[in-house]
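Welcome! Take a look at the model first, then read on.

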Amino acid sequence: MCDPDQQAATSSLSSSSPVKRTVDSSIRHSATRTSTTRSRQDDEDDVRETWIGPMPVVDFLAEFMQCDGLEPLPEDGVDDVFSEMWASEEPLTENMLLEQFVGIINAEERFPGFKLVFTGNNPDKKARTKLRPDVCVYPADHDAEDKRTDFLKLEMFMEFKKSPGADLFRDPSGKSESQKTYESFVVTGHGEHAKKQRRGQIVGYAAEACAKQHRVHLFSIEITGPFARLFLWDRSATVVTARFNYCDQPRLLLDFFRQFSRISPRARGRDTTVEEASDEETQVARAAFEKEGFEDRLDKDHPTMKMNVHDEASSTTHSFIIGKPETEPLSMIGRATKAYVAVDLKTTDVIFLKDSWRVSAPGMEKEGHILRTLNEAGVRNVPKLLCSGDVEGDGAQQTKSYALIAKEWRCGDKAITPHTHYRQVVNVVARSIYTFTSSKQLVQVIHDAFHAHRDAVEKCRILHRDISTGNILITKGGRGLLIDWDLSKDMDKTEARQLGRTGTWLFMSARLLENPGKVHEIQDDMESFVHVLLYVALCYTSHTIAAHLSLGDIITRLYYQATRLENGSYAGGDGKSSVLLHRSVTKHVQFSCDTMHDLIRILLIYVREWLIFCNPPDSPRGLDLVEDEEQTPCPLDRIRFRDHNAMDNLITKALALPDSRWPEKEVVTLHTFTVTKKTSGKKRSSTSGTSSKRSLELSESESSISRKRRTRARGSSLSYHSHMDSIDEGHH
């Protein structure tokens, strides 16, 4: 069954977003493959504040490419090796110059063990879009006769531009702090759209290579005329060298290639805890996969690999066979989660393995520790932890770029988040919530996840903070499972671990969206459960909608509205607040299942009571209600959203109703809809199926709320689109 957010994400909406567009929070213990289209602007947005430079080239070589026994280059025949390229009296095209450059590096053992291949005309057919770097660096024995881009095999990539003016960065002209701003180095001003697009282009190459391969970091080169820059990419930031003239200083560039060819695979960025599986290991895994119905996990497009997991609790190492991932990260920066259905080589059990780059900031607890606490406390409906730990032991694989944030040569002081490579294994392989088969099962699955949330709060004082469709799964037995606890927090620890909100934008509470600085509370997660139920019911179950509206209008207003504030953060929730306060959904939408309709209607009333209680009409942030609506807030002891009890009891009663109150034969299918947005007064839309009839009209109160917030923000209204992205704003 298709993911509606994947459908929405493929539309050509605003590329600006309140959150990074990874699939970090969509960690599916399931068979659902995640993919989406991306624009260059998407990729540039993801790393907008994570460029670190300009690092002196000599320091770069010493920091990342140190190797022993490297003979100095000879005195003769080196200093003019690149000069002839640019000395020709005949005008040469960019491709002609590039071919000469490739020939120079590939000749005379200047790059032993590797070769440069011109791949600019031949994209990788298996990549998410038609990505094709100008040059790919492959092992010398790689078959590159067709000059095809292959992100699974490349060791490095290079972009080549004839014009020096194509440089993506601008080194400071002086040493004063006023000249060393981030904005002056990363060219982002008006009229620099082409450079932003090209930065997004190379970010896309790096992200694709690191998604397809098992990497700790990646190198690349940018050539602009006779100038060059070197890059190191990892999950925290991208290190960029100062620009240097490789015609005048050819030894710097030649030493880079020579050192690259001599350093270890690990120093080149390879994760050496993952290796190709033997034929015998592959046969064992294939038999186990076939037994459990996962035979498609091993295919010719994805190499079968053996991955080691260090278990910090027992100080032992476990080996697992993996094939095709369930999810791949789309972003270069962040937790970069990869999820696998895997086989334990020791027991031949089929398990779920999550590979990610955890935030290693002070106070951030490892997800394995949290799961172990939940398991030991008897929390229902969460995965059982089998093993977990940092790759190669405590902090062994950390992002290298973070160590450079305080260097004197760095322009600006944008916050960079440290990440550490981490793996965990759990016993349950489940499927996406979108594979539910009936309205009753959908409610049951969400109720099971709600029990997990309640147990975690009451038994462990742990708040999940990222309730979403990606984190509620269906087990083999048809019951619900709540996963992805790495953004959860100990409720007894009041200090902020990092700035900003945590959650998945589409399902965050209205109050969290409205106030980026708000503390995450139990009621925010409870409201997210209601939004998950409503969203999935709207997208999949049978219903009728008022003639003047479309499903896309409702989805847009509820889930995809955001406003960018002056400080770069985002606020939203106008649509959610209005719909909740005016009960618009159940007034304009009639679900075919009466029990589902009544359940959603009452749950929305619960949320509405809480919103009015938190923001009474006479308060500074009071909510403007129309005259015929109840405005008097109830006392706290009458608020049914004050704890889990009322919501739990309501869903329990609904599930206890006789089967005659639930559809006997029900068609569950994804409805097509359009997500729309307004930009600079113009409405622009992209259809995923049916065309939108007209925008959901703003009520008087919603218009008022929107005007007030936009006056405060002095920002522009955007629509947000993403593929179930996790927002943890303090990460960036």
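A pocket here is an open set of grid points with protein on both sides within 12 Å along at least five of seven lines, and its volume is the space filled by probe spheres set on the points. With that in hand, let's tour this predicted model.

**The second largest pocket**
- The space in the second largest pocket comes to about 640 Å³.
- Its lining is made of 30 residues, and nearest the centre are Leu152, Lys212, Gln213, Pro303 and Met305.
- Sorted by class, the lining holds 14 charged, eleven nonpolar and five polar residues.
- At least two lining residues come from each of α7 (193-212), β9 (274-276) and β12 (338-344).
- The top contributor is β9, which gives three residues.

**Two helices side by side**
- Helix α3 (residues 57-64) and helix α8 (residues 250-262) have axes that come within 11 Å and cross at roughly 10°.
- Because angles under 35 degrees count as roughly parallel, α3 is roughly parallel to α8.
- On the α3 side, Val57, Val58, Phe60 and Leu61 take part in the contact, meeting Leu252, Asp255, Phe256 and Gln259 of α8.
- Six of these contact residues are nonpolar, one is polar and one is charged.

**A three-stranded sheet**
- The strands of this open sheet run in the order β16-β18-β19, with antiparallel pairing.
- β16 (431-432) and β19 (480-482) are the edge strands; each has a single partner, so one side of each has no neighbour in the sheet.
- Two bridges join β16 to strand β18 (residues 472-474) in the antiparallel sense.
- Look for arginine 431, which sits opposite isoleucine 474 in β18.

Technical notes:
Residues numbered from 1 in each chain as written. Predicted model: local features only at pLDDT ≥ 70, side-chain atom pairs only at ≥ 80, totals over all residues. Heavy atoms only, no water. 1 Å grid on protein atoms, 1.4 Å probe; cavity = no way out; pocket = protein on both sides within 12 Å on 5 of 7 lines; lining within 4 Å. Helix = DSSP H or I, 4+ residues; strand = E, 2+ residues; numbered from the N terminus. Nonpolar A, V, L, I, M, F, W, Y, C, P; charged D, E, K, R; others polar. Axes fitted to C-alpha atoms, helices over the stretch in contact; angles between N-to-C directions. Parallel < 35°, antiparallel > 145°, perpendicular 65-115°, else oblique. Contact = heavy atoms within 4.5 Å. Pairing = 2+ DSSP bridges.
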